[in-house]
Amino acid sequence: VQLQAFGGGLVQTGGSLRLSCAASGRSFSSYNMGWFRQAPGKEREFVAAITWGTTIYEDSVKGRFTISRDIAKMTVYLQMNNLKPEDTAVYHCAASTVWKPTITQAYGDWGQGTLVTVSS
């Protein structure tokens, strides 16, 4: 599956953004979807993932971020509220055929990333 993420930008602390990840190619509904992020000088880290009936979040984004998907539009979203400077990173969406949501290596398809910058 091919993925394209967009929706990043510059926002002030406390602001909101919604990232979108559009999929094309094979059956989108059969994939588990995840969002990861990579800040400058840091390793890529798990943010959130979704499968049928289940979502999971990294602890620092719980209560602030919401992952969802629209099967008909073949799109997964990441609604980010109450953003903090430490949320600044390039955000990547990814697709997996197995449910190991926090494991980077479990995802076989990745989008190109979209930059989120949160100013203090």
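How many aromatic pairs are there? The count comes to four, where rings of Phe, Tyr and Trp (its six-membered ring) pair if their centres lie within 6.5 Å, with planes under 30 degrees apart counted as stacked, over 60 as edge-to-face and the rest as tilted. This is a predicted model, in which local features need pLDDT of at least 70 and side-chain atom pairs count only at pLDDT 80 or more, while totals for chains, interfaces and linings use all residues. Residues are numbered from 1 along each chain as its sequence is written, and side-chain values use heavy atoms, leaving out hydrogens and water.

Select Phe-36 and Phe-46. Their rings form an edge-to-face pair, 5.7 Å centre to centre with 75 degrees between the planes. Phe-36 lies in strand β4 and Phe-46 in strand β5 (residues 45-51), so the pair ties together parts 10 residues apart in sequence; strands here are DSSP runs (E, at least two residues), numbered from the N terminus. Phe-36 has a relative accessible area of 0% and is buried (under 20%, with a 1.4 Å probe and protein chains only). Phe-46, at 11%, is buried too.

Then show Arg-44, which lies over the face of Trp-110 at 4.6 Å from the ring centre (the rule asks for CZ of Arg or NZ of Lys within 6 Å of the centre and within 35 degrees of the ring normal). Elsewhere, the charged end of Arg-69 sits over the ring of Trp-52, 5.0 Å from its centre.

Finish at Arg-37, in strand β4 (residues 32-38). Arg-37 counts as buried at 5% relative accessibility.

Methods. Helices (H or I, at least four residues) and strands (E, at least two) are DSSP runs, numbered from the N terminus. Buried means under 20% relative accessible area, exposed over 50%, partly exposed in between (1.4 Å probe, protein chains only).
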